[in-house]
Every structure is written in structure tokens, then in C-alpha cells.
Amino acid sequence: MAGNLELLGSVLAGAKDEGRAALVGYLPAGFPSIDGGVDAMTAMIEGGCDILEVGLPHSDPVLDGPVIQTADDIALRGGVKIRDVIRTVGEVHARTGAPILCMTYWNPVDRYGVERFAADLAEAGGAGCILPDLPVQESEIWRKAAEQHGLATVFVVAPSSRDERLAKITAAGSGFVYAASLMGVTGTRESVGQEARELVERTRGTTTLPVCVGLGVSNATQATEVAAFADGVIVGSAFVKRLLDAEGDTKAGLAGLRELAGELAEGVRAARETSRP
């Protein structure tokens, strides 16, 4: 079974045709539990997310800030395994029909088996993988497996990436480019900053792939700001925080996720079409 790379592309293209950026939500698998995570991600799609990233909880999440680290710790203490992450991808896709990616560090994929991971993710209906710590020059084995199984390979670029480096990264990637809005770890910020806009412009100079911006977006105002210049707005920590704030109240947690997704979706749509490329 082939993965859903084409579905990912069609959803991103559909948002562009509507004159808006896509809304991409993130939540780690196994948080607050495996089944609870599936329900939570389904609520995010129902609330307004176009695409979802399912995080593979890791004991040493170098890119993740304290909010996501807390959720990862809850998931790991709950016994989440790689097979549970892949099952989460499959169940959320089956429920919603949305493109679902897995966001993971490289070590778990390598240990699981590159070909096996790609095959199982595609079989579950996954759209691809975001691999923030996999160097492009060491990525050929993954990219071949991903291409064979119809999966996107999404690389992360940062404001520190020079133009020559950007070109190498974007040439190797597929699906979209993940543009980190700032240097540092994930987490909500008071502002996204000019660096994000400049990074998107420089990245677009090297590729025709959509460029989606993540790290720091937490509310509708910021979503509107980023949607004015990016092809996608990625939100993670704010969703995780909504679930943490619910303190185990399932009904309140799901309602909070739907509410936040709706607010962010409205923010994305509020960006003026004339300000977008």
C-alpha cells in the first residue's frame, strides 16, 4: 500500500486555491493516552486543522520545549511504543481522511528499521515523515524508502541556514518544507518575528515546495500574521498546553482542542489574500 503523499499535496494545494495557508496541528502519540490521543487529534481536525503531525515521543527531544517534553514524558510513562504511534496515524487518518505525518527523531526510525518503518507508516495511511535531526547528506536510505512507499520527506530549515544549504535541503525534500520561525526549541511566543518571513522568502528562492512555518505560533493573531506569507501554519505547544490545562478532564480537553483549532483556522483565513504570494 502506498502512503498519502499525494493527499498531502492536494490539501496544501486546495488551501492555496482558497487564498489561505493550511493549518497544521501537532500532538504526540500516547498523550494523554494512546486512545485519548486518537480522540484528541480527531478533535483537532474537527475543529479546523487541515493536516496533523503525530509526534513520536522521545526521551531526548532536542527540538522540543518544556510543554511538549511534559507530554512526551506522560506518553513514555504510559508505555507508548513505535507501533502505537503508527496505529495512531492510521486511526486518525481513517476517522478524518486528513493527511497525517509522523514527526520523529532519527534514532527510533533507525532502530525500528528504515524499510520497515516506511512500509508500516504507508500501510497505516501515513502521508510522510518530518525528521528534524536527520542531516540531508545522511538521508539517502530514508528518502529511497519513503519514495518507494509514497511518503513525504519533510526537512526542517532554520534562520541560520545559508542559501546554499537551503537549496540542498529543499532539493532533497518532498511534501513541504518546515521552516522553523526562530532559533531554539518549540514553545509559544509573544511574537513570531521578522526572521520567519525572511526565511520563507529565502526558502522559496530555492524550491516550488510549499513552505510551512512552525515554532512559536499559539493564537489566532499570530496565525494570521504567519498565514500572510507562509503556505502553512504549524501549531504544537499550544494544543498540548490545552490538554495539559484540562488536568485529565477528557470532555474539557477535547472541547479546548476544538476551540483552539477553530480560533486558529479563523486566524489563518483572516490573512489578507493580497498579502500572500
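This is a predicted model: local features need pLDDT of at least 70, side-chain atom pairs count only at pLDDT 80 or more; totals for chains, interfaces and linings use all residues.
A residue is called buried when its relative accessible area is under 20%.

The neighbours of β8 come next. On one hand there is β7 (177–180), which runs parallel to β8 and is joined to it by four bridges. Within this pairing, Ala 180 has Gly 214 of β8 as its bridge partner. On the other hand there is β9, made of residues 232–235, which also pairs with β8 in the parallel sense, here over two bridges. In this case Cys 212 stands opposite Gly 232 of β9.

These strands belong to an open sheet of nine strands with parallel pairing, and reading across the sheet gives the order β5-β4-β3-β2-β1-β9-β8-β7-β6. The sheet ends at the edge strands β5 (152–154) and β6 (156–157), each of which pairs on one side only. The partner of β5 is β4 (residues 128–130), and three bridges link the two in the parallel sense. One of these bridges sets Gly 128 against Ala 152 of β5.

Helix α2 touches β1 (22–28) and β2 (51–55), and its direction makes about 170 degrees with that of β1. Helix α9 (residues 194–204) touches β6, β7 and β8 (211–214), and its direction makes about 155 degrees with that of β8.

Helix α2 also has a helical partner. Two packed helices are described by the angle between their axes and the distance between the axes. For α2 (residues 34–47) and α4 (residues 82–96), the angle is about 35 degrees and the axes lie 9 Å apart. The crossing of this pair is right-handed. Residues making the contact include Ile 34, Val 38, Met 41 and Ile 45 of α2, together with Arg 87, Glu 91, Val 92 and Arg 95 of α4. Sorted by class, the contact has five nonpolar, three polar and six charged residues.

Finally, the largest nonpolar core holds 98 residues. Those touching the most other members are Leu 27, Phe 117, Trp 142, Phe 176, Val 233 and Phe 239. Leaving aside residues up to four places away in sequence, Phe 239 touches Gly 25, Tyr 26, Leu 27, Met 44, Cys 49, Leu 257, Leu 260, Ala 261 and Leu 264.

Definitions and conventions: Residues are numbered from 1 along each chain as its sequence is written. Side-chain values use heavy atoms; hydrogens and water are left out. Axes are lines fitted to C-alpha atoms, for helices over the stretch in contact, and angles run from 0 to 180 degrees between N-to-C directions. A crossing is left-handed if the near helix is turned anticlockwise from the far one by less than a right angle, and right-handed if clockwise. Contact means heavy atoms within 4.5 Å. Ala, Val, Leu, Ile, Met, Phe, Trp, Tyr, Cys and Pro count as nonpolar, Asp, Glu, Lys and Arg as charged, and the others, Gly among them, as polar. Two strands pair if DSSP finds at least two bridges between them. A nonpolar core is a set of buried Ala, Val, Leu, Ile, Met, Phe, Trp, Tyr and Cys residues joined through side-chain atoms within 4.5 Å. Buried means under 20% relative accessible area, exposed over 50%, partly exposed in between (1.4 Å probe, protein chains only).
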